[in-house]
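Reader: Before I plan anything around this model, I would like to understand what stands behind the words used to describe it. Could you take me through them?

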Amino acid sequence: MSKSKIGTVEAIMLFLTIIVVHTILSLPKNILTSMKSASLLNLIYVSIIAIIIAYIIFRLFKKFPGLDIIDISEILGGKIFKNIVGIIFITYFLLTSSLLLRNFSESIKIVYYPMTNIIFILAFFVIAVCMANRLDFSATLKSNLIIVPIVLVSIVFLFFANAKQFTPERMFPILGEGVFNTFVIGLSNIASFAGIAFLYFLPPLLKEPEKLKKITLISVGITALYLILSVSTLLFMFSFFITTNEISPLYNAARYIEFGTFFQRLESVFLLIWMLAFACYLSIVSKFSMNIFKKLTNLETNTPLIDIFGLLIIGLSLFPKDYAVSQTFETKIYPSLVIGIVFIFGIGILILANLRKRKELKHE
Amino acid sequence: MNKFIRNSFIFILIIIFIIAFSSSYSSLSLDNLAYVLAIGIDSADNNALEVSFQFSTPISPESGASEKPTPIINTVTASSLSTAINLVNSYLGKQINMSHCKIIIFSEELAEQGISDQIYTLINDTQVRPSANIVVSKCDAKYYLEQTKPELENLISKYYETFTNSSRYTGYIPDATIGKFFNSLICTTCEPCAILGGMNETSSNNTEQVDSQKDYTITANNSPIRGENGAENIGIAVFKGDKIVGELNALETISFLNIKNDLDRFLISIPNPESTNNYLDIYLTPAHTTDVKVDTSNQTPYVKVKCEFVGRIYSMSKDSKYLSPEVLDSISNSCNSYLESVFSDYLYKTSKEFNSDINNIGKHVLKNFFTTKQYEDYDWSENYKNAFFDVEVNTSIKSGMLLTET
């Protein structure tokens with residue numbers, strides 16, 4: 001992985017991968033359920049905060065050029081702290097990707113493979129990821145560079161193709177459940193910007209590290225627009241996502257697309273695109289996890305880890321007894337994990353490292 | 001050796017995946033499926049359901065292209081829709097697939113008891129398309145299916161897919177699909193509605209009552225239409241929650257579609273200002289989207305509806321003078337006052353008689369409140385019956401069509 005450097009556009013797409021897969025699942029519905037008609041206002045508010053946080057992260061990295069959060073934690077707390085940080089991030093990446101994979105596979109099973117055991121659907125993704133990870137990281141990045149824009153375009157298409165059925169008045173009452181719910185409790189929707197986690201590991205991998213600021217701001221900006229578009233589609237189309245739980249809400253929206261009697265049932269195309277996006281996401285997340293592990297253990301190559309991490313993903317994704325458990329993880333635990341690890345823990349390390357650096361500079 | 005082990009591993013993996021996914025493939029194979037075109041649901045004794053499934057018959061190559069395949073209808077009485085499906089699966093020896101089901105018919109009797117369980121079950125099914133039409137039949141749903149014999153289509157599935165198209169230019173039936181019905185069922189600003197279906201045989205002796213105005217007050221089961229196709233669809237079945245509370249005739253359906261901005265053009269008979277007791281047929285096209293404003297400053301909502309139309313005179317007789325601006329203005333005024341009265345009567349009917357906001361006027365109320373709590377306290381769904389309506393129609397009659405003066 002370290003051999004192949006990441007270009008600016010590739011880095012932006014990498015950032016967007018997380019939001020893409022999470023939006024396919026229940027992220028827009030979760031926002032709608034908690035924020036109701038104030039979802040769009042809340043998203044605009046949360047997006048502004050996410051842009052500010054991303055900029056703060058960029059500023060905090062400025063004093064550590066070419067280093068990622070693992071290197072910085074070593075500077076801050078030595079090898080033990082570095083190992084703790086590394087293990088926390090590996091656990092976070094593997095746990096979240098596994099359980100998101102489980103949820104996605106459950107949706108596919110319900111729609112297309114009712115008689116197939118879930119383990120084969122999970123294995124289908126994991127084997128593809130293991131094969132992709134045997135290739136150079138640039139192969140995954142380039143695939144991602146093709147797939148993510150297609151997904152983004154598909155969401156724009158989904159929005160405009162369903163526009164005839166929209167009821168834009170559903171964005172009112174503008175404050176939804178009230179000011180406190182929208183602006184204080186709604187702050188937890190910052191978890192939608194989980195892609196910021198990649199920023200912690202990007203600096204040493206970038207071809208042009210000086211463009212980190214540009215990458216950060218553009219990525220967060222596109223994520224915000226993408227999220228607003230997805231949530232708008234559901235908010236304007238359906239009244240039931242606020243009270244009723246459905247598997248993959250965007251898939252449901254895709255079922256409504258019809259152009260006369262000829263172009264119908266386009267949801268299959270959407271699902272195919274989303275499957276590819278999911279495989280890219282898994283590949284990227286496992287690559288990052290392996291890279292952290294390699295850093296912690298001073299391994300020379302990732303290759304021996306590929307199958308082990310693949311099996312770990314399958315094992316973790318089989319951990320929930322049923323869909324209800326994995327859904328609870330996605331709706332209740334995942335946002336807390338993102339806020340705790342990505343926003344509080346990650347930024348905390350960077351702030352402390354910056355303070356230490358300033359202290360050292362003062363002493364010198 | 002390494003290469004051999006790797007290739008063997010890949011080969012075994014492929015075999016495993018083929019076996020694993022083949023069960024899903026077989027279950028969805030054409031040979032194992034029976035495609036349902038329509039479902040009719042009637043109520044039976046002891047809270048049971050009588051569910052009729054209509055299947056298409058495969059056309060044999062020997063029968064020729066002109067021969068119409070006779071649809072097969074299987075009926076089963078069961079405690080629930082899912083049990084009925086299971087019983088028919090067992091009877092047919094094939095699995096019912098509803099991905100091509102174009103129409104779901106509920107009998108009026110069942111709709112009076114409430115159909116939310118059936119709607120939730122159907123929406124929960126991955127095969128049922130949200131675009132499947134919902135019809136409430138004045139007669140038994142099974143009888144409706146049996147009497148549906150399209151005259152101009154060889155394939156009944158084609159008829160089910162296109163029969164609602166005429167509503168864009170007649171305005172006699174709404175575009176009521178199961179997706180929209182479910183959405184309205186849960187919605188706090190509106191109520192669901194369905195297409196009103198029935199038989200055209202019961203009105204065979206009604207011809208003496210027909211006049212220009214009565215043409216527009218027809219409903220399904222009560223129309224002067226004769227033909228081979230026994231089933232007809234005219235009007236709207238109005239629901240409050242999941243229970244039917246009334247029906248709307250053709251003219252009221254035109255009003256519904258106009259206020260909903262769901263109509264391209266429509267023909268209407270208005271009183272002729274030039275000749276008392278005579279009517280003029282006008283083709284009207286909405287000039288703008290209907291503007292609806294709701295004042296909720298009082299507990300009694302005040303709804304202002306403004307519509308604009310452009311029209312051309314369709315009916316022509318000897319000595320018609322449609323080039324004079326005065327005559328056209330007078331026809332426009334007559335059209336305005338007539339439509340204002342029709343739309344107003346329709347709105348008051350949905351409000352006072354049905355207390356059912358099928359037009360989703362409630363969506364215009366939302367922006368009057370800052371929080372959901374304020375909106376819920378206003379209780380639009382129950383308050384709709386207290387609403388006052390002020391309808392303003394502006395029509396601009398341009399001329400006749402090919403003839404302007406005779």
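Author: What follows is a set of questions and answers about terms and the values behind them. The model is predicted, so local features need pLDDT of at least 70 and side-chain atom pairs count only at pLDDT 80 or more, while totals for chains, interfaces and linings use all residues. Residues are numbered from 1 along each chain as its sequence is written, and chains are lettered from A and ligands numbered from 1 in the order in which they are written.

Reader: What makes chain A as compact as a globular protein of its length?

Author: The radius of gyration is taken over C-alpha atoms, and the globule rule is 2.2 Å times the number of residues to the power 0.38. For the 364 residues of chain A the rule gives 21 Å, and the radius of gyration is 20 Å, close to that value, so chain A is as compact as a globular protein of that length. Along the principal axes, its C-alpha atoms fill a box of roughly 70 × 45 × 35 Å.

Reader: Which elements is chain A built from?

Author: Chain A has 13 helices and zero strands, where helices (H or I, at least four residues) and strands (E, at least two) are DSSP runs numbered from the N terminus.

Reader: Why is Phe343(B) called buried?

Author: A residue is buried if 20 or more other C-beta atoms lie within 10 Å of its own, exposed if 12 or fewer, and partly exposed in between, with C-beta atoms placed from the backbone. Phe343(B) has 24 other C-beta atoms within 10 Å and is therefore buried. Its place is in helix H10 (residues 325–354) of chain B. By the cut-off for burial, 49% of the 364 residues of chain A also count as buried.

Reader: Which residues does Phe343(B) touch, leaving out those up to four places away in sequence?

Author: Two residues are in contact if their C-beta atoms, placed from the backbone, lie within 7 Å. With that sequence limit, Phe343(B) touches Ser255(B), Ile259(B), Val305(B), Val391(B) and Val393(B).

Reader: How do you know that strand S6 of chain B is mostly covered?

Author: S6(B) spans residues 133–137, and five of its five residues are buried. Asn133(B), Val135(B) and Ser137(B) lie on one side and Ile134(B) and Val136(B) on the other, and both faces are covered.

Reader: What makes S6(B) a paired strand, and in which sense does it pair with S5 of chain B?

Author: Two strands pair if DSSP finds at least two bridges between them. Strand S5 (residues 103–107) of chain B and S6(B) have five bridges in the parallel sense, with Ile134(B) as the bridge partner of Ile104(B). S6(B) also pairs in the parallel sense with strand S7 (residues 193–199) of chain B, over three bridges, and there the partner of Ser137(B) is Gly197(B).

Reader: How many residues of chain B are in contact with chain A, and which helix gives the most?

Author: On the side of chain B, 26 residues are in contact with 30 residues of chain A. Helix H1 (2–27), helix H8 (178–186) and helix H11 (372–378) of chain B each supply at least two residues of that side, and H1(B) gives the most, with six residues.

Reader: Where are the domain bounds of chain B?

Author: The bounds come from an automatic or database domain assignment, which gives domain 1 (30–260) and domain 2 (265–406) of chain B. Their contact takes 25 residues from domain 1 and 28 residues from domain 2.
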